[in-house]
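Please consider the structure shown below.

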Amino acid sequence: MKFKLYTDVHEFYNDTYDVLMRHEAQNLIPLGNIIIGHEGKDKTDWRDPVNWLMATISDAKGIQLTAVMTPPHHITLYATDNIISPGAVDCLIDGLKDREIPGVISEKTLAEYFAKEYTLRKGRTFKTTMSQRIYELTAVNPDIKMVGTVRLLDEKDMHFFPYWAEAFYAAGSYGKTEMSIPQQNADPYLYRIASKKLYILEDNGIPVSMAGYTREMQTAIGVAFVYTPPYERRKGYASSIVAQISQLALDKGFTKCVLYTDLANPTSNSIYQKIGYTPICDSLQLKFE
């Protein structure tokens, strides 16, 4: 097994893109990230590849394991064709040496295997911070009831958007309700608005729900940032906005929409399946301690 560490995101993109595309929806995060780095249009925050960890493990047959980490985020892994090679995992851990790895997010079996081997070697422990399911959609269920109208988030929404954003981040842990007060610096919120990837659902002219796109790939696009204020829930708004922006993406030429759900949240998993999303695999987010 050969460990290769990359400093050139373009070389890494050229070597791994076709491999990751074998499971495009499953590899939403690493694929989306290397596309961002390769295009070089956005280098805000973690998006500058100069700080990334990019590595492959190969044998005579080609790449067996791909690893990408965009600090401060966890390392993301993909075992080619979802065939886990213990030798490749060992080689990766050897190659990482003294690098600080905060955790891993990957397909469930690979994430567990890597975490056990890594923490055993390092004398550390790990815990599950989120059990997720990855879904994809190729057609919106025509029977879904559409409520309200969808529009792009814009600067006139700054009177409420920062509060919705902080509430969405707080809800990253299912059942958590404590949220941070919006930052005094408006730049992070204005960045989201300027990206033109977030949408607001209005009912009778009143904003009632939010959703948007994340990473864009060759044929797939990620759907996320789904949030409805507590006082507007159970009215079909989340279903409606997700269905509407999913259809918008398909109309733009994407062949599939991809989203992650928290398996601890039965409501969201049920909603997305009714819209037309089907599960493709489970994913784990594990933190090293």
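Ser240 is buried, with a relative accessible area of 0%; buried means under 20% relative accessible area, exposed over 50%, and partly exposed in between (1.4 Å probe, protein chains only). The model is a predicted one, in which local features need pLDDT of at least 70 and side-chain atom pairs count only at pLDDT 80 or more, while totals for chains, interfaces and linings use all residues. Residues are numbered from 1 along each chain as its sequence is written, and side-chain values use heavy atoms, with hydrogens and water left out.

- Ser240 is placed in helix H7; helices (H or I, at least four residues) and strands (E, at least two) are DSSP runs, numbered from the N terminus.
- Apart from neighbours within four places in sequence, Ser240 is in contact with Lys145, Met146, Val147 and Leu201, where contact means heavy atoms within 4.5 Å.
- Thr228 is found in the loop between strand S10 (220-227) and helix H7 (237-251).
- Thr228 is also buried, and its relative accessible area is 7%.
- Val208, Ser209, Arg233 and Ala238 are touched by Thr228, if residues up to four places away in sequence are not counted.
- With the side chain of Ser209, the side chain of Thr228 makes a polar contact of 2.7 Å. A polar contact is a pair of N or O atoms within 3.5 Å; within protein, one must be able to donate a hydrogen and the other to accept it, and residues adjacent in sequence count only if both atoms are side-chain atoms.

**Helix H1**

- The buried residues of helix H1 (residues 9-20) are Val9, Phe12, Tyr13, Thr16, Tyr17, Val19 and Leu20.
- Viewed down the axis of H1, these buried residues fall within an arc of 160°, so they line one face of the helix; the arc is that of the directions from the helix axis to the C-beta atoms.
- Asn14 and Asp18, on the other side of H1, are exposed.
- The cover over the buried residues of H1 includes strand S1 (2-6), helix H2 (28-39), strand S2 (53-59), strand S3 (62-69) and strand S4 (75-79).
- The N-terminal end of H1 is capped by Asp8, which has a side-chain oxygen 2.8 Å from the backbone nitrogen of His10.

**Aromatic pairs**

- The whole structure contains 12 aromatic pairs. Rings of Phe, Tyr and Trp (its six-membered ring) pair if their centres lie within 6.5 Å; planes under 30 degrees apart count as stacked, over 60 as edge-to-face and the rest as tilted.
- Phe114 and Phe288 form a tilted pair, 6.3 Å centre to centre with 40° between the planes.
- This pair links distant parts of the chain, as Phe114 in helix H4 (residues 108-122) and Phe288 in strand S12 (residues 278-288) are 174 residues apart.
- Both Phe114 and Phe288 are buried.
- The ring centres of Phe161 and Tyr189 are 6.3 Å apart and their planes lie at 90°, so this pair is edge-to-face.
- Ring pairs also link Phe114, Tyr118 and Phe288 into a cluster.

**Overall form**

- The secondary structure of the protein comprises 8 helices and 12 strands.
- The C-alpha trace spans about 60 × 40 × 35 Å along its principal axes.
- Of the 289 residues in the protein, 49% are buried.
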